[in-house]
Amino acid sequence: MEPLEPIRPASPEEIESIKKHADLTANSSVLVFENKSGEPDIAVIRYAVEMDPVFFGKDTSNRRKAAFIWGLQNILRNMGIREYYFMCDPANTEWIKTVKEWGAEETTEQPELRFRKNL
């Protein structure tokens, strides 16, 4: 078996090659695993703040949801946080429409399963 190549920081060209398909932020690092027989493997490591999950009461109005999220966003902003991530139920189209109106952007093109790996 051949020795494995080291994992290294990506070059500007490698970062550019994944830019339109990766959610790159100031808190992202891009790492490359060389492959002598083809394209390298590229991973984005992101240090992310998440507001997930958020539990709203069953009778909570959109106005109250907005006030709660607004307050939380101000706390994050005052902590120097530049962005945060959250999940939406794909079936809750009303909430998705609302968060988009507030300026949230989808980071995926389709619903995804979310995993956690304990190290």
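Thr 25 lies in the loop between helix H1 (12-18) and strand S2. The model is predicted. Its open sheet has 3 strands in the order S1-S2-S3, with antiparallel pairing. A cis peptide bond joins Asp 52 and Pro 53.

- Is Thr 25 buried or exposed? Its relative accessibility is 19%. Buried means under 20%, so Thr 25 counts as buried.
- A polar atom of the Thr 25 side chain lies 3.0 Å from the backbone nitrogen of Asn 27.
- Leaving aside residues up to four places away in sequence, Thr 25 touches Arg 46, Glu 83 and Tyr 85.
- One of these contacts, Arg 46, belongs to S3 and stands opposite Ser 28.

**The sheet**

- Strands of a sheet pair through backbone hydrogen bonds, either parallel or antiparallel.
- Here the order is S1-S2-S3, and the pairing is antiparallel.
- Strands S1 (7-9) and S3 (41-46) stand at the edges. Each has a single partner strand, so one side of each is left without a neighbour in the sheet.
- From one strand to the next, the twist averages 35 degrees.

**Strand pairings**

- S1 and S2 are antiparallel and pair over 3 bridges.
- Which residue of S2 is the bridge partner of Ile 7? That partner is Phe 33.
- S2 (residues 28-33) also pairs with S3, in the antiparallel sense, over 6 bridges.

- The covered face of S2 holds Ser 28, Val 30 and Val 32.
- The uncovered face holds Ser 29, Leu 31 and Phe 33.

**The cis peptide bond**

- Most peptide bonds are trans.
- The bond between Asp 52 and Pro 53 is cis, with omega about 5 degrees.
- Where does Pro 53 lie? Pro 53 is in the loop between S3 and H2.

**Gly 71 in helix H2**

- Helix H2 spans residues 62-78 and includes Gly 71.
- Gly 71 has a relative accessible area of 22%, so it is partly exposed.
- Gly 71 and Arg 82 are 11 residues apart along the chain, and their C-alpha atoms are separated by 15 Å.

Key. Residues are numbered from 1 along each chain as its sequence is written. This is a predicted model: local features need pLDDT of at least 70, side-chain atom pairs count only at pLDDT 80 or more; totals for chains, interfaces and linings use all residues. Side-chain values use heavy atoms; hydrogens and water are left out. Two strands pair if DSSP finds at least two bridges between them. Helices (H or I, at least four residues) and strands (E, at least two) are DSSP runs, numbered from the N terminus. Axes are lines fitted to C-alpha atoms, for helices over the stretch in contact, and angles run from 0 to 180 degrees between N-to-C directions. Buried means under 20% relative accessible area, exposed over 50%, partly exposed in between (1.4 Å probe, protein chains only). A polar contact is a pair of N or O atoms within 3.5 Å; within protein, one must be able to donate a hydrogen and the other to accept it, and residues adjacent in sequence count only if both atoms are side-chain atoms. Contact means heavy atoms within 4.5 Å.
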